[in-house]
Amino acid sequence: MYFFALRSEVPDGVGFQAFGPVHLAWLAVIALFAVLTLRFLRGRERAQRIAALIAAVLAVSLVVGLEFYFYLRGELNMRTLPLQLCESAPFLLLLFYFTGWDWLGQTLYCLCLPGAIAALLFPAWTVFPQWNLINLQSFLLHALLILGPLLEVQRGALRPDIRHLWKVWVFLAAVVPCIYLIDRRFDANYFFLNAGSPGSPLEWLIQRMGNPGFLLGYAGIVLVVNVAMYGLYALRAHTV
C-alpha cells in the first residue's frame with residue numbers, strides 16, 4: 001500500500017522498529033552476503049575487479065534512480081539532494097575504481113565504510129514500512145557501500161595506511177563547512193550535522209553537549225573510528 005510513498009505520505013506506526021525482526025533480518029542478510037561474496041572471490045583477481053565495478057555502478061544507480069523518482073514526484077529540492085555522506089560515497093567509489101586516487105581510497109575505507117555500517121545499525125528511515133521503495137533502496141545502498149570498499153581492499157587497489165589519515169581529514173575540512181552552511185540555510189541534516197539518527201550515539205551527545213556543541217564530540221567519535229579502522233586492517237594484515 002505504501003510502496004511508492006514518500007516520507008510525508010507515510011502515516012505514523014507503519015514503519016519498522018530499530019533492532020526489531022525486520023531490521024535484524026536485514027542486518028543478518030547483508031552480513032552473510034558480504035562474507036560469502038568476499039570468500040567466494042578470494043584469489044580471483046579478475047572476478048574481484050568485475051565485482052568492484054558492479055558494486056560501484058549499482059550504488060550510483062540506486063542514488064540516481066531515487067533522485068529521479070524525487071524529480072518525478074516534485075520532491076527534488078535542497079533537502080533531498082544526494083549530499084549525505086552515504087549518498088555521495090557511491091560516486092567516490094566509482095571515481096576511485098577508475099583513478100585509484102589514494103585520498104579517495106582512505107576516505108572510503110575509514111569514513112564511508114564505517115559510516116555505512118553506522119547507518120545500518122541506526123537507520124534514519126525507520127518511518128518507512130518494509131516494502132517501501134525508499135526503505136529497500138536505503139538498505140541495498142548501504143549494503144553496497146560496505147561491500148564496495150571491502151572489495152577494493154581485497155583486490156589490493158585500496159591499501160589502508162594510518163600515515164595517510166590526514167588525507168581523510170583534509171577531505172572533511174573541505175567538505176564539512178560547506179555542508180554545515182547548507183544544513184543551516186535549508187534546515188537540512190546532511191552528514192547529520194544538525195541531529196542524529198534515532199537511538200544513535202549522536203542523540204546521546206546532543207542531549208549532553210547541546211547543539212552545535214555536540215559537533216566536538218562527533219569529531220572525536222570520527223577520529224576514534226578512523227584509528228580503529230586502521231587498527232583492524234593492521235591486525236588482519238599481521239595475522240594473515
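**Figure 1. The order of elements along the chain.** From the N terminus on, the elements of the protein chain run α-α-α-α-α-α-α-α. That gives eight helices and zero strands, where helices (H or I, at least four residues) and strands (E, at least two) are DSSP runs numbered from the N terminus. What you're looking at is a predicted model, so local features need pLDDT of at least 70 and side-chain atom pairs count only at pLDDT 80 or more, while totals for chains, interfaces and linings use all residues. Residues are numbered from 1 along each chain as its sequence is written, and side-chain values use heavy atoms, with hydrogens and water left out.

**Figure 2. The whole chain and its dimensions.** The C-alpha trace of the protein chain spans about 50 × 40 × 30 Å along its principal axes. Why is a radius of gyration of 18 Å in agreement with a compact globule? Because a compact globule with 240 residues would have a value near 18 Å; the rule is 2.2 Å times the number of residues to the power 0.38, and the radius is taken over C-alpha atoms. Of the 240 residues, 42% count as buried. Here buried means under 20% relative accessible area, exposed means over 50%, and partly exposed lies in between (1.4 Å probe, protein chains only). Now for contacts, meaning heavy atoms within 4.5 Å: among those between residues at least 6 apart in sequence, 72% join residues at least 24 apart.

**Figure 3. A close-up of the second largest pocket.** About 650 Å³ of space lies in this pocket. Of the 22 residues that line the second largest pocket, the closest to its centre are Leu 38, Leu 150, Val 153, Gln 154 and Arg 236. Which one gives the largest share of the lining? It's H1, with six residues. The lining divides into 14 nonpolar, four polar and four charged residues; Ala, Val, Leu, Ile, Met, Phe, Trp, Tyr, Cys and Pro count as nonpolar, Asp, Glu, Lys and Arg as charged, and the others, Gly among them, as polar. How do you find empty space in the first place? Rolling a probe the size of a water molecule over the atoms shows where it is left. In detail, a pocket is an open set of points on a 1 Å grid over the protein atoms alone, where a 1.4 Å probe fits, with protein on both sides within 12 Å along at least five of seven lines; lining residues have an atom within 4 Å of a point. Grid points are joined across faces, edges and corners, and the volume is the space filled by probe spheres set on the points.

**Figure 4. Helix H3 and its buried residues.** The 15 residues of helix H3 (residues 85-99) should span 21 Å at 1.5 Å a residue, and its end C-alpha atoms are 20 Å apart, which agrees. The expected span is 1.5 Å times one less than the number of residues. Buried in H3 you'll find Leu 85, Cys 86, Ala 89, Pro 90, Leu 92, Leu 93, Phe 96 and Tyr 97. These buried residues pack against helix H2 (45-72), H4, H5 and helix H6 (165-186).

Figure 5. His 23 is found in helix H1 and counts as buried because its relative accessibility is 0%. Leaving out residues up to four places away in sequence, His 23 touches Phe 16, Gln 17, Ala 18, Leu 120, Leu 121, Pro 123 and Phe 139. Thr 126 sits in the loop between H4 and H5, and at 17% relative accessibility Thr 126 counts as buried. With the neighbours up to four places away set aside, Thr 126 touches Gly 15, Phe 16 and Ala 18.

Figure 6. Most residues other than glycine have a negative phi, and most peptide bonds are trans. Look at the loop between H6 and H7 for Asp 187, which has a positive phi of about 55° although it is not a glycine. Phe 191 is found in the loop between H6 and H7, and its phi is positive too, near 60°. Buried or exposed? Asp 187 counts as exposed at 53% relative accessibility, whereas Phe 191 is buried at 9%. Elsewhere, a cis peptide bond with omega about 20° joins Asn 211 and Pro 212; Pro 212 lies in the loop between helix H7 (201-209) and H8.
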